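Subject: Structure for you to look at

Hello,

Here is the structure I said I would pass on. Please open it and keep it in view while you read the notes.

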Amino acid sequence: MSYEPPRPVRGLLLTPEDKEAPARVHRLRRLGLADRPDPLLDAFAGHLAQLTGAPYAMVNFVGEDHQFFAGLSAPATAPVVREDGSRARIGRVLPRDHGFCPHVVVRHKALVLEDVRDYPRFAGNPVVDAYGIRSYLGAPLIDSSGMALGTVCAADMAPRAWGRPGLETIKGLAADLVVRLERSAADGLPL
C-alpha cells in the first residue's frame, strides 16, 4: 500500500457573486465611464505606480463578465515570461474571474495581499500563473450612492510588505478619485 500526498487544490478561488453588476454597468455608462481608456486615468494610474513603487497600477471598472482598466500603468519592458516559457502582456480587459478586484468590489473593502501564495483562496487565481502577480493592494471606488464602481489597485511580481501606509494611501486615492469622477460627470467635463 502506498500513500500519495494530496495534490494542491487549484482553482479554489471562487469569484464572488456580484448582484450589483447590472446596476453598476448602468451607473458607469451614465457617468461616461464605459469600456474606454482615459488618458487622465492612465496618468492617475502612473501616479499610483510612482507612489507605491509597484510596476502595475490600475483604475479598474468591473462589469458583469469582464473588467476594464480605464487607467493603466504597466512596464514598457518585454512581456511577462511565464514558467512554461510563453509570454503574456497585461492588457485593458480581463475576464471577471481573473485578479482580485472583483473581490474588492463585492466586499466594498480594501484588500491587501502581501504574497498571494499565502492565501489558498487567491493563490490559484489565473493572474498568478499567467502574469506572475505575487502581491496586490486595492481599494474600492465607492460613489455617493454607496455603489462600488470598481477599484484603484497596484500589483507587483514580487511579494511586498504594503503595510498600513500602503493601505491608507490606496484608500485615500480611491476616495479622491471618486469625488473627481462624480464631479466631472455632473459638470459634463473631463476629469
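Below is what was found, starting with the whole protein and ending with single residues.

This is a predicted model, in which local features need pLDDT of at least 70 and side-chain atom pairs count only at pLDDT 80 or more, while totals for chains, interfaces and linings use all residues. Residues are numbered from 1 along each chain as its sequence is written, and side-chain values use heavy atoms, with hydrogens and water left out.

**The whole protein**

The protein has six helices and eight strands. Both are DSSP runs numbered from the N terminus: helices are H or I with at least four residues, and strands are E with at least two. Their order along the sequence is α-α-β-β-β-β-β-α-β-α-α-β-β-α.

Of the 191 residues, 47% are buried. Buried means under 20% relative accessible area, exposed means over 50%, and partly exposed is in between (1.4 Å probe, protein chains only). The protein exposes about 9900 Å², and carbon and sulfur atoms supply 55% of this area. Accessible areas come from the Shrake-Rupley method with a 1.4 Å probe, and for residues only the protein chains shown count as cover.

A contact means heavy atoms within 4.5 Å. Among contacts between residues at least 6 apart in sequence, 67% join residues at least 24 apart.

**Empty space**

Rolling a probe the size of a water molecule over the atoms shows where empty space is left. The search runs on a 1 Å grid over the protein atoms alone: a cavity is a set of points where a 1.4 Å probe fits but cannot get out, a pocket is an open set with protein on both sides within 12 Å along at least five of seven lines, and lining residues have an atom within 4 Å of a point. Grid points are joined across faces, edges and corners, and a volume is the space filled by probe spheres set on the points.

The largest pocket has a volume of about 160 Å³. Its lining is made of V25, L28, R29, L33, A34, D35, F61, V62, G63, E64, D65 and H66. Helix α1 (21-30) and strand β1 (56-62) each supply at least two of the lining residues, and α1 gives the most, with three. By class, this lining has six nonpolar, two polar and four charged residues. Here Ala, Val, Leu, Ile, Met, Phe, Trp, Tyr, Cys and Pro count as nonpolar, Asp, Glu, Lys and Arg as charged, and the others, Gly among them, as polar.

There is one cavity of 30 Å³ or more. The largest cavity holds about 140 Å³ of space. It is lined by 14 residues, and M58, F69, L94, G99 and V127 lie nearest its centre. The elements that give two or more residues to this lining are β2 (66-73) and β8 (148-156). The lining of the largest cavity has 11 nonpolar residues, three polar ones and no charged ones.

S135 lies in strand β7 (residues 135-142). S135 counts as buried because its relative accessibility is 0%. A polar atom of the S135 side chain lies 2.9 Å from the backbone oxygen of A158.

L177 is in helix α6 (residues 163-187). With a relative accessible area of 0%, L177 is buried. V152 is 25 residues away from L177 along the chain, and their C-alpha atoms are separated by 8.7 Å.

P16 is in the segment before α1. P16 counts as buried, at 13% relative accessibility.

H108 is in the loop between α3 (101-107) and β6 (111-113). H108 counts as partly exposed because its relative accessibility is 26%. Its phi is near 60°, a positive value in a residue other than glycine.

Regards

How values were computed: Polar contact = N/O pair within 3.5 Å; in protein donor to acceptor, adjacent residues only side chain to side chain.
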